[in-house]
Amino acid sequence: MTAAGSGTSAGAAAPAGPGRPAGRLARLTLVILERSRRLTAPVAGVAAAVILFLILQGNGFVSTLVEDALVYAIAAMALDFIAGYAGMVSLAQAGFLGVGAYGVAIAENHFFSPWAAVGIALGVVLAGGLALGIVAVRTKGVSFVIITLALGQVLYGLAFQWTGLSEGDNGITVANLPSIGSFDLSNPLTLRMTVLVVFAVTALLLVLFTRSPFGLSLRGIRSNEARLAALGYRTGLHRYLAWVIAVFFAGVAGILYVFVNGLITPTTMAFSADGFLVVMVVLGGLGSIWGPALGAMVIVLFQQELSTYVSRWQTLMGLTLIAVVLFSPGGFWGLVRAAGRRRDALIARLRGEPAGGAGPAGGAGQAGGPPLALETAQPGTEPRQTP
């Protein structure tokens, strides 16, 4: 009896296995944290989609506000794709947004059907991106910023002065929206749902791009283009494709913009519009895709809601941007990443792992984090991320 009892006591007091905390509460905490790491992203995504869906079901000012924010979010996410992952800050994004909007408006004014006008607009945006990209990607760094600024101003000047085509400062209205059977974008609810679907598809495509070997190559170019070129990568082609992708989605945002507002004017392509897109990206978090969508919500809120109560709303927006840059350089999405890193550090501590072994979600290799290190590879193979 005594021996058996002693054996039972010894078994109860046996330490937990390797990588598992000894206390029951600690083990329960570890299980909860590990499951939260797997479930947080999908649950948050579903919750955000449901909230947006319910808001857009209404016909009030809030639904209009969210609709406008989603349109700008598409352009901001595309800008973040090229700036946050390839290191190419473009100041021509608003210009191509205007090209997409003007493409639809001008085509409809020349008696094309709404669906044909959408096709023409996408074709014009893509052709413009392919042609101007040959010039833009030949430069790097500050020179790239300047040349994209020049390209954006050229597009703005054409919209403002080519009155025979663009109607100048008066702009062009769009009255006929695409429809197929019961699907009619002239219905405000259908249009809002379409904007939401296009936003979701755009975000998912950009996320897939960033997680693909192509996206990893872009991050390698941002980190050390010379090394990647020495390994045999055609870095110029990678930068060119990133530019074309960003331009294309800016054109998609422009098409939705003119459908939502029913009017396109040159002010949509002004330098201030490019500035707002850059601010959206910085506020949300450079190199995060989802962050700029959050930044777009904040900026549209400042422009359309706060401006009705505060006459100097631009000052308040500027102070907000300064605070974010000083205290959260990763933007609003950086706060989410910081929370994830703290959770992973706690998981590592509960497991008894050394500091820095927080697992795959620790953020060290995520976009917007520290520069990527690339393992030596043979030409023609994809770079691999190392800690």
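**Briefing: a predicted single-chain model**

Leu319 sits in helix 13, which covers residues 313-327; helices here are DSSP runs of H or I with at least four residues, strands are E runs of at least two, and both are numbered from the N terminus. The structure is a predicted model, in which local features need pLDDT of at least 70, side-chain atom pairs count only at pLDDT 80 or more, and totals for chains, interfaces and linings use all residues. Residues are numbered from 1 along each chain as its sequence is written, and side-chain values use heavy atoms, with hydrogens and water left out.

**The chain as a whole**
- The chain holds 14 helices and six strands.
- Of its 387 residues, 44% are buried (buried is under 20% relative accessible area, exposed over 50%, partly exposed in between, with a 1.4 Å probe and protein chains only).
- Among contacts (heavy atoms within 4.5 Å) between residues at least 6 apart in sequence, 74% join residues at least 24 apart.

**Around Leu319**
- Leu319 counts as exposed because its relative accessibility is 51%.
- Together with Leu316, Ile322, Leu326 and Phe327, Leu319 makes a nonpolar surface patch of about 560 Å².
- Patch residues have over 30% relative accessible area and no salt bridge, with like charges joined within 9 Å and nonpolar side chains (Val, Leu, Ile, Met, Phe, Trp, Tyr) within 5 Å.
- A salt bridge is a side-chain nitrogen of Lys or Arg within 4 Å of a carboxyl oxygen of Asp or Glu, and accessible areas come from the Shrake-Rupley method with a 1.4 Å probe, where for residues only the protein chains shown count as cover.

**Helix 4**
- Helix 4 (residues 93-109) is largely enclosed by the rest of the structure, because 16 of its 17 residues are buried.
- Just after helix 4, Phe111 takes a positive phi of about 70°.

**Aromatic pairs**
- A search of the whole structure finds seven aromatic pairs (rings of Phe, Tyr and Trp, its six-membered ring, with centres within 6.5 Å; planes under 30 degrees apart are stacked, over 60 edge-to-face, the rest tilted).
- Phe81 and Tyr85 form a tilted pair, 6.4 Å centre to centre with 35° between the planes.
- Both Phe81 and Tyr85 are buried, and both lie in helix 3 (residues 61-85), four residues apart, about one turn of the helix.
- Phe248 and Phe249 form an edge-to-face pair, 5.5 Å centre to centre with 75° between the planes.
- Phe248 counts as partly exposed at 27% relative accessibility, whereas Phe249 is buried at 7% relative accessible area.
- Phe81, Tyr85 and Phe209 form one aromatic cluster.
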